[in-house]
Number of protein chains: 2
Amino acid sequence: MSKGRLFVISGPSGTGKGTICKELLKKRSLALSVSMTTRQPRTGEIDGVHYYFVSKEEFLEKLAQGGLLEHAEVYGNYYGTPRAMVEEKLQQGQNVILEIEMKGAAQVRESYPEAITIFVLPPSLEELRKRIRGRGTETEEAIRLRMSKTLEELQELPHYDYYVINDILEDAVRCTEAIIDAESVKVDSTVTELIRKYEEEEQTL
Amino acid sequence: MSKGRLFVISGPSGTGKGTICKELLKKRSLALSVSMTTRQPRTGEIDGVHYYFVSKEEFLEKLAQGGLLEHAEVYGNYYGTPRAMVEEKLQQGQNVILEIEMKGAAQVRESYPEAITIFVLPPSLEELRKRIRGRGTETEEAIRLRMSKTLEELQELPHYDYYVINDILEDAVRCTEAIIDAESVKVDSTVTELIRKYEEEEQTL
């Protein structure tokens with residue numbers, strides 16, 4: 001059985017990468033990577049489903065062993081992607097999807113270079129601004145800062161493998177599906193296995 | 001406007017690459033590359049549509065100028081893919097599809113390295129044999145020879161970018177469409193243009 005592939009979905013915040021992932025999971029057989037965190041579980045959150053809840057000691061030990069594909073500290077809590085969980089699913093032939101912010105994506109590129117990275121773009125800055133304003137959770141000043149951060153983050157696009165413009169959600173999902181499908185028929189070192197299959201068959205003809 | 005891409009569909013004969021192309025052209029806006037040939041037009045064949053019909057002198061001159069992406073001689077007639085016609089469509093932003101046999105595909109890889117090459121595979125040798133037998137045009141000995149040639153040709157798979165297994169035609173077409181769609185959102189040198197678009201927009205916000 002051929003190994004699965006790791007797809008990393010990232011991009012500036014507000015571009016809808018989470019929604020794309022949610023829709024993808026409805027349509028495709030993909031394993032969603034579960035993060036490890038030191039923060040307390042919230043009501044309804046299940047260990048091993050929403051997060052792996054661990055102590056700070058466990059987290060730091062895992063990190064020191066190189067057991068995390070990426071990690072970050074947010075408001076004093078640690079978050080990270082356990083390499084073993086991802087590897088296990090890939091070995092089982094499952095494609096794994098990992099939705100993370102851009103610093104995490106950069107770390108995954110280093111720690112797992114075979115990962116296929118997808119950058120989610122807003123159709124325009126104006127549209128992104130509209131969407132964020134629509135939420136009504138940020139001041140105009142915060143929005144302005146966010147726009148200039150987005151522009152900065154856009155400079156990282158050349159390090160990604162693919163980009164998906166999230167204008168109409170359905171199209172963006174279809175586009176991401178095309179990437180997943182195309183990657184699964186890409187010629188790589190595993191095709192020798194495929195060739196062998198035909199060679200073995202010829203013996204029996 | 002961004003440049004189109006050249007997709008080369010090839011593979012052993014009998015695998016149905018022609019049928020895949022025909023279906024693709026119904027569903028997608030793709031330009032089909034038109035070959036140049038020195039053979040006489042058959043009834044109903046239109047110059048510039050089915051082939052560009054040229055004299056041997058014109059053909060050889062074109063070849064000497066490096067004006068062909070690939071060429072072959074079959075039963076004393078020359079066939080080739082005019083580079084200028086393909087380039088023109090690509091410049092107009094159109095994706096071009098080129099269905100050719102494997103030696104031609106190898107030449108295109110040399111003459112136009114940006115080409116995206118797709119290898120069409122039979123689901124199994126047994127199935128390929130069945131299909132060829134079904135046509136009733138070849139002797140058992142010819143079929144046996146063809147099987148061993150197919151196996152030989154399979155060794156070239158690692159030089160291709162993608163493979164498509166033509167088991168159920170509809171799936172094979174969908175898979176080829178995914179490749180075309182994914183390639184169109186691949187990050188390459190043209191993304192600097194895309195980044196610039198957002199940068200210019202920010203000036204106006």
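Q: What makes the pair A:Glu127 and A:Lys130 a salt bridge?
A: In this predicted model, the closest N and O atoms of A:Glu127 and A:Lys130 are 3.8 Å apart. The rule asks for a side-chain nitrogen of Lys or Arg within 4 Å of a carboxyl oxygen of Asp or Glu. The value of 3.8 Å meets the limit of 4 Å, so the pair is called a salt bridge.

Q: How do you know that about one helical turn separates A:Glu127 and A:Lys130?
A: Both residues belong to helix α5 of chain A, and they are 3 residues apart in it. That spacing is why their separation is given as about one helical turn.

Q: How many salt bridges does a search of the whole structure find over all chains?
A: The search finds 36. Across the interface of chain A and chain B, the rule finds 0.

Q: What joins chain A and chain B in terms of polar contact, and how many residue pairs are counted?
A: There are 12 residue pairs in polar contact between the two chains, with both residues at pLDDT 80 or more. Each pair has N or O atoms within 3.5 Å. Several elements of chain A each supply at least two residues of the side that touches chain B: α5 (125-135), α6 (140-154), β9 (162-165), α7 (169-184) and α8 (191-204). Of the elements of chain A, α8(A) gives the most to that side, with 8 residues.

Q: How much area do chain A and chain B bury between them, and on which atoms?
A: The two chains bury about 3400 Å², and 72% of this is on carbon and sulfur atoms. The contact takes 36 residues from chain A and 37 residues from chain B.

Q: Why is it said that the copies meet through the same surface?
A: Of the interface residues of chain A, 100% are also interface residues in chain B, so the surface used by the copies is the same.

Q: What rotation superposes chain A on chain B, and with what shift along its axis?
A: A rotation of 180° with 0.0 Å of shift along the axis brings chain A onto chain B, with an RMSD of 0.0 Å. This is why the relation is that of a two-fold axis. The C-alpha of A:Ala178 is the one in chain A nearest the axis, 2.2 Å from it.

Q: What makes β3 and β6 of chain A a pair, and in which sense do they pair?
A: Strand β3 (residues 35-37) and strand β6 (residues 77-82) of chain A are joined over 2 bridges in the antiparallel sense. A:Met36 stands opposite A:Gly80 in β6(A).

Q: Which strands make up the open sheet of 4 strands in chain A, and in what order?
A: The order is β4-β3-β6-β5, with mixed pairing. Strands β4 (51-53) and β5 (68-74) of chain A are called edge strands, as each pairs on one side only. From one strand to the next, the twist averages 25°.

Q: How many bridges join β2 of chain A to β7(A)?
A: The count is 2, and the strands run parallel. A:Ala31 stands opposite A:Val96 in β7(A). Strand β1 (residues 6-10) of chain A also pairs with β7(A) in the parallel sense, over 4 bridges, with A:Ile9 opposite A:Glu99.

Q: Why do β2 and β9 of chain B stand at the edges?
A: The open sheet of 5 strands in chain B has the order β2-β7-β1-β8-β9, with parallel pairing. Strands β2 (31-32) and β9 (162-165) each have a single partner strand, so one side of each has no neighbour in the sheet. Within this sheet, 4 bridges join β1 to β7 of chain B, and B:Ile9 stands opposite B:Glu99.

Q: Which strands of chain B does helix α7 lie across?
A: Helix α7 (residues 169-184) of chain B lies across β1, β8 (116-121) and β9, and runs at about 160° to β9(B).

Definitions and conventions
Residues numbered from 1 in each chain as written. Chains lettered and ligands numbered in written order. Predicted model: local features only at pLDDT ≥ 70, side-chain atom pairs only at ≥ 80, totals over all residues. Heavy atoms only, no water. Least-squares fit on C-alpha atoms with pLDDT ≥ 70 in both. Contact = heavy atoms within 4.5 Å. Pairing = 2+ DSSP bridges. Axes fitted to C-alpha atoms, helices over the stretch in contact; angles between N-to-C directions. Buried area = accessible area lost by both parts, 1.4 Å probe. Polar contact = N/O pair within 3.5 Å; in protein donor to acceptor, adjacent residues only side chain to side chain.
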